[in-house]
Structures are given as structure tokens and as C-alpha cells.
Amino acid sequence: MNDYILEMKNIIKEFPGVRALNNVNFQVKQGEIHCLVGENGAGKSTLMKVLSGIYPYGSYAGDILVGGQIQKYRNIKDSEASGIAIIYQELALIPELSVYENIFFGHEIIKGNRVNWNQTIVQASEIMKKVGLKVNPSEKVKMLGIGNQQLVEIAKALSRDVKILILDEPTAALNETDSINLLNLLKELKSHGVTCILISHKLQEIISIADTVTVLRDGATISSLDAKKGLTEQEIMKYMVGREICNMYPKRENVDIGEICFEIKNWTVEDKKKERDIIKDVSINIRKGEIIGIQGLMGAGRTELALSIFGNVQGFKIKSGELYLNGKRELFRSPKEAIDAGVAYASEDRKEKGLVLIQDIRYNISISNLAALMKGFVINQNEEINVAKRYMDSINIKASSVNQKVFNL
């Protein structure tokens, strides 16, 4: 008898100029917690999108077998019908709807030609107990913390009688307590026969929960490791990067820390929509050669602080505070003013706010500094290509050329 509930055989997925998955083989046993790891760009999320039907049958080569039967998913609905549910880091919930409405969204309980809301609430409450979600079923999702929203997503999956639950970086935005609760829930689901596939960069979590660990590197399967026999972070990293890792972190170089080059004093920012201060009296100074870390949970104001400094104040109001760059007082009223002053910002949301996806690599690299590439009133395209190639090589962008569309990366 085949012990595998899922087999993906010789999966090949190509985008223009790039082979994202190269003959990947992935096998998952019934009722196990199987962790999928690899560096950014290794192909983890792409493989799961193939499995879930986001990349439909015909857009890839290879076979998917669930319960020993070949599957040809045309869309997410097809994969859900066979008991597969995937939860992404960016949660797919509707903020304005209640918890119970979100749980049964898309497969409502119908009586006659109407939704049976009483039965919906009853069944939603039962599923909420299973996942340890202790809130009012009628509470709007937007009022919940990120940890509870994750539980709503899992409850939503369980409402469809899920057999294989895929979680893509589920603890990335959670605090330690919520992360532990979520991992304990996965163990509980395992005890009830649910097979879990977990994608995570947190190796300590993987070691604590995994039955099996599969490592992808550069779109290929490197190894499947039996975690029950004991694994170390160093061993997993060796397979991830292809060499022994002696130090968990890069060696610190001796850098001369200079004078203060950037400073904010008593920085207070109001969220206009919420009509409250999201940043309150924050003061930071940074010296030349320094790396400053800004830490906090989701909703603590990290992104809002960075955006307000950078001049992207849409939706925000800088109520008070001073900003100094190289000793000169500044107040950037737009991102362009910040860029012109030598300040750059890399967004946490690359797809929505960082890149123009329908344009190519060359365009996206040069767009923030077109003035340096102008020859009279025209962009010097040869220089633009040269600059793009230099950056493509120096930061190792994996693509066929600088003319490749960014949405294909």
C-alpha cells in the first residue's frame, strides 16, 4: 500500500527565460507535518501554486498524485474539491465580513434558495473551538489581531473537510506566543489525520515540529530528511546553500562609525483614517557606517515610521518632529524629494508598492533616477541597459536579460 497521500513527480515550471522548477520530486506521507525549506527563490511557493491549481494543469510538466490518483487541477476550486487548502502569508480574508461569514465564504450553507445563517453560526462556532479561536463569531475580521486572523484562515480550511493543509510562512507576522499556539494547533490537526505542509524560514520552528523536511535549491529537490532522527539548523542550511555554514551570521567587519548623519526628534504621525497617532514622539539617530534595526510586531508602526520619513505621507499627517540629514533640517513632502536628497526606501510589499510588474527589469532599476540617464530630453537607452546589467550582476538577479518582465521573476 502506498503511504504517500501526495506525490509530485518531475515537476517542471518555466516562466519566460527562467526555469523556476526543474524536475522537482516531492512526496508527503499521510498524516505527517512536512516542512518545505529553501532560500528565497528556491521554488517553494511556486511548487505549492502548482499543487493548488493557481498554475493550472498544462502550464507545467510532470504529475500530481493525491491518494494515488493523478490530478489535473484547472484552478483552486478543483484542488479544494480534492481536500487541499492553502493559506498564504497574505491572508485571503474579507475584513468587513464577520468571522462566521469568512469561514463559510464561497461554500455557504444553503437551505432552499437562501443562506441558512443560524446553521452557519452553529457550525462556525464548532470549528472555532477546534482551532482554539475564542472570539465572537459575529465579530468583524478587521477587529481581530493577526494571530486570530490566521486561526480564521485555518477554520475556513477545516470547514471544507481539508485533507492536506498548506501553510506558507504562517508565523512570519506572529509574536512568539501566537507562533507557539499555531504550531501546537498543527500538532493537534495531525492527531486528527490532517496532513500539513509548512513553508518556513524559521529553522528552530521546523526542527520542533517537522516529521520530514524537504529542501529545495535553485528550483530542484536537494534532499528529504527524516526530522524524527534528529536535525540541526546547520545541517538544514548546508543543504539549502550547498556548503557547510560555520557561522549563523556574517562576521562583523571593523567599520569606523562616524558622526551622526541622520536624525529624527520627537516624531509624531497621525493616521488620518483611524484618527489616532500611529507614531508617538519617536527619536532616532544614525551614524555613518551604522546599521540600525527597527523592530516591533505587526501594527506597531514600523512601516508608518519609514513611510513618513520617506515623504510618502498619503493617509498620514506629520503632527510634530524634526528630521535632519547630514546636519541639515529637512522635511520630505514626497518620495521624489527624499530620493533627490539621497534617501532610498525598499518596500515590504514588493508587488503592490515596490515594482511595476508589467515592465522589465531595466525599467524598474532606472525609474527612480532617470535624470542621471538623460541625454538632452531623451533617455540614453544604452547607458540605461549598462546600469541595469551592472546591478543585475552585482546583486545576482536571476533572469534571462534586463528585458525580462518583472512579473515573470
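This is a predicted model: local features need pLDDT of at least 70, side-chain atom pairs count only at pLDDT 80 or more; totals for chains, interfaces and linings use all residues.
## A chat about strands and hairpins

Visitor: Okay, switching to the start of the chain. What joins β1 to β2?

Guide: Eight bridges do, between β1 (residues 4–15) and β2 (residues 18–29), and the two strands run antiparallel. One of the bridge pairs is F15 with V18 in β2.

Visitor: What about the turn between β1 and β2?

Guide: That hairpin has two residues between its strands, and G17 in the turn has a positive phi of about 85°.

Visitor: Which sheet do these strands belong to, and in what order?

Guide: They are in an open sheet of four strands, ordered β2-β1-β4-β5, with antiparallel pairing. β2 and β5 (69–71) are the edge strands, each pairing on one side only. On average, neighbouring strands of this sheet are turned by 25° against each other, direction ignored.

Visitor: How many bridges join β1 to β4?

Guide: Five, with β4 covering residues 61–66 and running antiparallel to β1. Here M8 has I64 as its bridge partner in β4.

Visitor: Last one: which strands does helix α1 lie across?

Guide: Helix α1, residues 44–52, lies across β1, β2 and β4, and runs at about 115° to β1.

How values were computed: Residues are numbered from 1 along each chain as its sequence is written. Side-chain values use heavy atoms; hydrogens and water are left out. Two strands pair if DSSP finds at least two bridges between them. Axes are lines fitted to C-alpha atoms, for helices over the stretch in contact, and angles run from 0 to 180 degrees between N-to-C directions. Contact means heavy atoms within 4.5 Å.
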